[in-house]
Amino acid sequence: QVQLVESGGGLVQAGGSLRVSCAASGGAFSIYAMSWFRQAPGKEREFVAGIRWNGGSTYYADSLKGRFTISRDSAKNTVYLEMNSLKPEDTAVYYCAAASVPGDYKHWGQGTQVTVSS
């Protein structure tokens, strides 16, 4: 059973940067891909970015390309989301998720709050 623990959220001013991390344990060898999702108050959860565990291919929500970067450290079983030029509308709880088969995100972290002040 894969466990995911996010960290690194917090409060940042608009225009600033923040990096959130997600550490996987307990079966990380079975991961096919990991992704970040976010959920803002009153809104549905949305996809942010994803990365293939083997090969490192990345993919992003179109609206976030150029500002957000996903990366991984295989040795640490950790995925990162670097967020730049943050806007108040980026305020949300950010969740990481792991899939053992394509598109099937069965494992989720508890989420980390990111708040961008104007």
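Figure 1. Cys 22 and Cys 96 are the partners, with an S to S distance of 1.9 Å. They come from distant parts of the chain, 74 residues apart: Cys 22 sits in strand β3 (residues 18–25) and Cys 96 in strand β9 (residues 92–101). Strands here are DSSP runs of E, at least two residues long, and are numbered from the N terminus. The torsion about the S-S bond of Cys 22 and Cys 96 is about 50°, so this disulfide is right-handed. Both Cys 22 and Cys 96 are buried, where buried means under 20% relative accessible area, exposed means over 50%, and partly exposed is in between (1.4 Å probe, protein chains only).

A word on the model behind these views: residues are numbered from 1 along each chain as its sequence is written, and side-chain values use heavy atoms, with hydrogens and water left out. Since this is a prediction, local features need pLDDT of at least 70 and side-chain atom pairs count only at pLDDT 80 or more, while totals for chains, interfaces and linings use all residues.

**Figure 2. Arg 38 and its surroundings.** Look for Arg 38 in strand β4 (residues 33–39). Arg 38 is buried, at 8% relative accessible area. Its side chain makes polar contacts with the side chains of Glu 46 (2.6 Å) and Tyr 94 (3.0 Å). A polar contact is a pair of N or O atoms within 3.5 Å; within protein, one must be able to donate a hydrogen and the other to accept it, and residues adjacent in sequence count only if both atoms are side-chain atoms. Leaving aside residues up to four places away in sequence, Arg 38 also touches others, including Val 48, Leu 64, Phe 68 and Val 93; contact means heavy atoms within 4.5 Å.

**Figure 3. A salt-bridge network of Arg 38, Glu 46, Arg 67 and Asp 90.** The structure holds 5 salt bridges, each a side-chain nitrogen of Lys or Arg within 4 Å of a carboxyl oxygen of Asp or Glu. Arg 38 bridges to Glu 46, with the closest N and O atoms 2.6 Å apart. Glu 46 is partly exposed at 35% relative accessibility. Asp 90 bridges to Arg 38 too, at 2.9 Å between the closest N and O atoms. That pair spans 52 residues, from the loop between β8 (78–83) and β9, where Asp 90 lies, to strand β4. Arg 67 then bridges to Asp 90, with the closest N and O atoms 2.8 Å apart. Here the partners are 23 residues apart, Arg 67 being in the loop between β6 (58–60) and β7 (68–73). Arg 67 is buried at 13% relative accessible area, and Asp 90 is buried at 1%.

**Figure 4. Two hairpins, β4 to β5 and β5 to β6.** Strand β4 runs antiparallel to β5 (residues 46–52), joined by 6 bridges; two strands pair if DSSP finds at least two bridges between them. Ser 35 stands opposite Gly 50 in β5. The β4–β5 hairpin has 6 residues between its strands, and Gly 42 in the turn has a positive phi of about 75°. β5 also pairs with β6, antiparallel over 3 bridges, and here Gly 50 faces Tyr 59 in β6. This second hairpin leaves 5 residues between its strands, with Gly 55 in the turn at a positive phi of about 100°.

Technical notes
Disulfide = S-S within 2.5 Å. Helix = DSSP H or I, 4+ residues; strand = E, 2+ residues; numbered from the N terminus.
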